[in-house]
Amino acid sequence: GISSNLQGSDIQVVQKGSSNSKDTAPLSVGGMYFNLERLESSLKKTGKVSKDGKQKLKGFEKIRLVGKGAFGNAILYQRQIDGLFVIIKEINMLELSASDRALALNEVKVLAKMDHPNIVAYFDSFEVDGVLMIEMEYADGGNLADDLEKRTIRMKEQEVLDIFCQMVSAIRHMHSHNVLHRDLKTANIFLTKEGIVKVGDFGISKVLSTHHGGAMTVLGTPYYISPEMCEGKIYDEKSDIWALGCILYEMACLHKTFEGANLPALVNKIVRGQFAPIKGDYSPLFKQLVRDLLQRDPDFRPTASHVMLVRLPELVAFNESLRVQEEEEDRDAFIIQELDRNPDSILESATSNPGAVNNSPQKQKSGRPARSVLYDLKGHESGLRLTPIQLPTSIRIIEVSSSGTHFIALTSEFLVYSWGLGSKGQLGHGTLTEYQDKPLVVDSLKAKSITKICAGEGFSVFASDNGIIMTCGDGSFGCLGHGDWNSSGTPKLIEALLSVDVSAISCGSEHVVMVDSRGEVYSWGRGLYGRLGQGHEEDSCSPKKMSLNTDEMYIVNVKCNGNGTMLLCDKGTLYACGENRYNRLGLDDQSFYMFGNHVDKVLVPTKLSSVSKKYKIVDYDLGMGHTGEA
């Protein structure tokens, strides 16, 4: 027969062959397959699944089928007592295996535990004829997957952030309760017509114990699972962060982050962490966030709290400044139009110059002291403090490089020391540290005969005497040149340059430029303002040869600052590309200076005509806001 409840208590089974059947307790169908005491206990503890399901279901009017899942159907009901529309997920427990039943009950457990405006609310759960009914909040705007599939035009950055901020808030709440979602995907991100995000479908979520702090079972949708899950390694909340990165990328590009002809091909792409750069009018901060979320090494991925409290406020503030700037430009355009229409009019309210925000990081000076002693010079108001750096007394320093994040020193014995901030792996010691106050030798560079060092913002570059380049640190802008956007805690070879003999190299805060022995120039990293000299402003994670628009093709040296690059050819001529605000690269035409003929940026190396016509340059250097030649 067919039982009316999950326990099968209304169907009794006669045990054949029993010699004393009168004294034998009746056995139900459920008793043949389940431990009924444990099942009852689980139903009571987990969301308090009620037995009076038939009576409760009478209080709902069935509207329509909303969706089908692996375990059951999601049905839209209207609650008669108050008219509220709700979703009831109907899961036929009798058709499921023991492991699938555990997953179904797990959803009730997790939903009952969560209380957050961006997580699907749990109302009740009850059982009807062996079917588990989970009553939950209804999101009337569908899910994110369907929304993205309908779009033919990419979303604006602010529109993406409005959705993503709510998603991160929900995941941060889950992680604070030691709960992993483990199946984050666009189909599980629900929306209301008011634009409220609701994260749902917690069937395979896991509550982490404080003792183990990790999970092993490989679950989730293949497009969104992390590299560590693909490799069968222990994973934690950073796998949810990876899935958030996949969703953020998908919202920007309207296609999956990783795709393959079959499952092995897909897994191979995920494990390698290689994906196409985001195109379109998305800000560098936005693209960097995607790269950070999709770091192959989970240690380099930010936490949900860091994303919510640090990264997203920066992005929101940046987009707000763009909005204000666009409004000012529209106002200025209107004023110009009115002046053209009525040139005799006098404006009573003059517009102010929209000064561009200079977010370029401060770069500290470096030098080569006559004696091998380094000092840290700090100034406060009218006072100065000179503190010696605690380097070994027996070494002789031949080069020092510094950035706003860390310091590197090179000795005459070709040993490399590093200290400062190390959260991105820029110190090269193989471990991440917030701050290293004392210089430590980089063990992996011993016997590598390093002759050149460069410190960028969160990354380091090392060149050996045989022309090999190694990099470590933050790879989110492609500054490591490894062909991906991943970070590295130890120096690694740039394979694309193994056949190139390096003669000169320099880095800015977020880009690297190299000159080889043939005078050819390669660049990689952040492309904003055209600092890479590639004719565009796109970031590059692999070294690319620079096209020089000059007849003097033999370049002998390169120097970089925060947003610019300057090349020196063997004839003493300088060429520059990148940001030229305030004429910091010397690219303005001085003969028209009074008429406002200024160059804000150049995307390809351009000759410094004002200097090159008069002098043969033998040396030069770039500060953050100026250039000096000799």
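**View 1. Val373 and a nonpolar patch on the surface.** Val373 is partly exposed, with a relative accessible area of 32%, where buried means under 20% relative accessible area, exposed means over 50%, and partly exposed lies in between, for a 1.4 Å probe and protein chains only. This is a predicted model, in which local features need pLDDT of at least 70 and side-chain atom pairs count only at pLDDT 80 or more, while totals for chains, interfaces and linings use all residues. Residues are numbered from 1 along each chain as its sequence is written, and side-chain values use heavy atoms, with hydrogens and water left out. Val373 is found in the loop between α11 (304-341) and β12; helices (H or I, at least four residues) and strands (E, at least two) are DSSP runs, numbered from the N terminus. Together with Tyr375, Leu377, Leu384 and Leu386, Val373 forms a nonpolar patch with about 540 Å² of accessible area, an area that comes from the Shrake-Rupley method with a 1.4 Å probe, only the protein chains shown counting as cover for residues. The elements that give two or more residues to this patch are β12 (375-380) and β13 (383-388).

**View 2. An open sheet of four strands.** The strands have the order β14-β15-β16-β17, with antiparallel pairing, and two strands pair if DSSP finds at least two bridges between them. Because β14 (397-402) and β17 (433-441) stand at the edges, each with a single partner strand, one side of each is left without a neighbour in the sheet. Five bridges join β14 to the antiparallel strand β15 (residues 406-411), and Ser402 has Phe407 in β15 as its bridge partner.

**View 3. The covered strand β19.** In β19 (residues 459-464), six of the six residues are buried. On one side these are Phe459, Val461 and Ala463, and on the other Ser460, Phe462 and Ser464, so that both faces of the strand are covered.

**View 4. β19 and its antiparallel partners β18 and β20.** Strand β18 (residues 450-455) is joined to β19 by five bridges, and Ala455 stands opposite Ser460 in β19. The hairpin of β18 and β19 has three residues between the strands, and in this hairpin Gly458 takes a positive phi near 90°. Five bridges also join β19 to β20 (residues 469-473), where Thr471 is the bridge partner of Val461. The hairpin formed by β19 and β20 has four residues between the strands, and Gly467 in the turn has a positive phi of about 85°.

Key: Patches are made of residues with over 30% relative accessible area and no salt bridge: like charges are joined within 9 Å, nonpolar side chains (Val, Leu, Ile, Met, Phe, Trp, Tyr) within 5 Å. A salt bridge is a side-chain nitrogen of Lys or Arg within 4 Å of a carboxyl oxygen of Asp or Glu.
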